[in-house]
Structures are given as structure tokens and as C-alpha cells.
Amino acid sequence: MPVPLKLTRRVATALLGPTVLVALAGCGAQGDGRGAEAEARGTERGAPPPAATPRVEVLPGMPPVVDPNDLYSEDRPNRLSPVVKDFPSRVYVPNTGSNTVSVIDPETYRVVETIKVGAQPQHVVPSWDLRTLWVNNNRGNTLTPIDPKTGKAGKPVPVHDPYNLYFTPDGKHAVVMASLDRQLVFRDPHSMEIRKTEPVSCYGVNHADFSIDGRYFIVSCEFSGELLKVDTLRKKVVAQRKLPLKGAMPQDVKVSPDGKTFYIADMMAHGMWVLDGDSFAEPRLLPTGKGCHGLYVSRDSKEMYVSNRGEGTVSVFDFARGEVSRKWRLPDGGSPDMGGVSADGKVLWLSGRYDSEVYAIDTRTGAQLARVKVGSGPHGLAVYPQPGRYSLGHTGVFR
């Protein structure tokens, strides 16, 4: 229910209780009292108090949205969940051509372990409850669990065609992107037993992200240049759209901090499609660079790092301005693909898909900090642990 716009904090407390106040606190000054003093002075002068932010009516069972203006508010630097605070910091790199996962110590930029997994591992995916890393062995038709506390791999779980893996915001289902099977397969998030299979008519389902309320998600179809809109509760495709470019090849999907816009990387359009998820109207194209591929939000929610695999660059997209503000070029080129941001927000880690290497990039300057040699065909690497209350999957999409 929307909050009346001119309620004072005292009235809001009486009528709305602590749930809404959490959202208010997320938008105000933190801990020094200056925000409350300024509000009191404004009231004395006759100025209206600040408007309360309406609460987001989320998917049943989903954790509440703390700050409706920034759904990444709980991903701030080093804000680690108690579940992961004792996990060692590592970068897990699936090597599709070597059938291994290279484990990098980010402090030394060295590979400290190589784990054998199934055939053609594509992504390393943190579970919704943050306790497990799942390696998607696409052609091996298994998921290999890794305990991020010990770094040890467990017994593979049979799962057919697991190209990518997501979790519904309520934590009730894993969603397997079965690319070649042309299915979205909803499974138990722990045992991976099938709960529902949703066939799709597009080709190459691969990446996704969820609306701010968790009630729907947008899926990219790589090989037919299409997008799907999926009702989370019904576990059903409710809309489908062809992208307005012949040969379009959509990849990663990411929603804006305010939840109003979805960005879809497209490696053949060489930019991002900008989509209103609610209306699902025709998107517009925003150029970034050749082979636009991966999308990663900065720890302050102000920018998004866009990997351009075809030209060895990273574009920095400014959310407020709605444009690319600068571009970083890797020295000696490269093929930056998928990855994630370090827990402190200072380093962007990206796999070099065609160069058997991983790049560590300074998020303040764009300078390359290291190139680490790994196995063949490194793809969806996961930086872990990261801040956040729960994981939506892929290489680490946290809320």
C-alpha cells in the first residue's frame, strides 16, 4: 500500500511500523542524527517533511526490499552476510575447454588449486542461501557443488543441459537455463529435483534478471535474438519479443538500481538493449563496444561495468546520466567476458574467454592489475564471497 506523502516520521511509526521505517532508514543519513535534526528544523520553518517511499509489494516469501530506490543497497562494500563472513576470498574460474575450475587467491593473483569437474563447465553459481557454489557442467549434464568454506568439490548432481543457473527471489526454486533443450527447468534449490519444466519457443536461453518485486524475470535467447518475460509465481512465459536487429545475439541481463529498466548486453549489436520490463515494449539500443557481453553493477550502485569481448575493453555506464562515461582498454588486448566485482568494490574480475587468462581491473582507474593464466576457455567466473543477503544466481547477482 503506498505511504501518504506528508506523514511525519512519528506518525509513520505509529501507522506503518518498523517495516517501512527500514526502507526510510536506507535512504537517509546513517547514525549521526543530522538527518533527524534537519527534518525538525525544516518542520519548524513550515517546510514539509520528506516524502516517504512506498513499500514494494514483493513476491510472497521474498525478503523485503530495504531501499526501493536502490535494490542493490545491501551489496555495499564488505557488507557480508554472517553465512559467508568466514569464507576465504577466492575467484572461481570454470574452464570450458579443460573441464576444470581454476581457483585464484585475489591477494596474490595466483592459482592456488585446480578442481576437476564435468564436461564443458560454463558458470560457477552461488546458491540462494549463499552456502554452495554450483559448477554448471553443460555437456557433462551435471552440477558440481563446491563448499566455499573449504574449497572442496562434492559429488556431482545429475542435471540435464545446465548452461546457466538462477534462483527465484523467494529461494523456493532453482531455474536451470537449458539452452539446447529449449526449456526453463524449475528445480528444488538443494536436491535439484525437477518441480516444473517450461518449454520455450526461442533458441538459446542463457541469462536473466528479476524485477524489483521478484514477480517476473527477463530472459535472453542468444541464438534467436529474442527476449522472454516469465511470471515467477506461475513459472510460466507470459510474453516474448524479437529484438529489432537482424542477427541480434543477447547475452547478460541486469536491472537498474531503481528497478525501472533492464539492460541486455548484445554481442552482435555491440551494445545494450534498454528495456522497460513492466511494459515489455520495444527496447532501444545503447552502443558500448564490439562484442558487448557481461554487465556488473558497482558497489555504490552508480555505475555498471560492461565487458566488450570483441575489442578488449570495458565500458563504464553511468546510471544517472544514462550513458557510457568512459572506456577502459586492456593493454595488449584480450577477450573480457563474464565475472564479478570484489567484495570491497575495488577490483573487477573478468575471464578472458579466448586467451586462457583472467583479468583483474582497478575499478577506480581502469588500470589492469593482473593477468592470471588459467585453463582453456575460461567463462563465467565467480568472485566469492560477495556482499548481499541472498543470491539470484549466475556468477553472483545479489540482493
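**Notes on salt bridges and a pocket**

1. R399 counts as buried, at 5% relative accessibility (buried means under 20% relative accessible area, exposed over 50%, partly exposed in between, with a 1.4 Å probe and protein chains only). Keep in mind that this is a predicted model, where local features need pLDDT of at least 70 and side-chain atom pairs count only at pLDDT 80 or more, while totals for chains, interfaces and linings use all residues. Residues are numbered from 1 along each chain as its sequence is written, and side-chain values use heavy atoms, with hydrogens and water left out.

2. What does R399 pair with? Its side chain meets that of D209 in a salt bridge, at 3.1 Å from N to O (the term means a side-chain nitrogen of Lys or Arg within 4 Å of a carboxyl oxygen of Asp or Glu). This pair links distant parts of the chain, 190 residues apart: D209 sits in strand β13 (residues 205-210), and R399 in the segment after β29 (382-384). Strands here are DSSP runs (E, at least two residues), numbered from the N terminus. D209 is buried too, with a relative accessible area of 1%.

3. D70 is buried, at a relative accessible area of 7%, whereas R76 is partly exposed, at 22%.

4. Within it, D188 and R195 meet at 3.4 Å, N to O. D188 counts as buried at 18% relative accessibility, and R195 as partly exposed at 46%. For the whole structure, the tally is 19 salt bridges.

5. Now the second largest pocket, which has a volume of about 290 Å³. Of the 17 residues that line this pocket, S89, P106, E107, S342 and D344 are the closest to its centre. A pocket here, on a 1 Å grid over the protein atoms alone, is an open set of points where a 1.4 Å probe fits, with protein on both sides within 12 Å along at least five of seven lines; lining residues have an atom within 4 Å of a point. The volume is the space filled by probe spheres set on the points, which are joined across faces, edges and corners.

6. By type, the lining divides into ten nonpolar, two polar and five charged residues (Ala, Val, Leu, Ile, Met, Phe, Trp, Tyr, Cys and Pro count as nonpolar, Asp, Glu, Lys and Arg as charged, and the others, Gly among them, as polar).

Notes: Helices (H or I, at least four residues) and strands (E, at least two) are DSSP runs, numbered from the N terminus.
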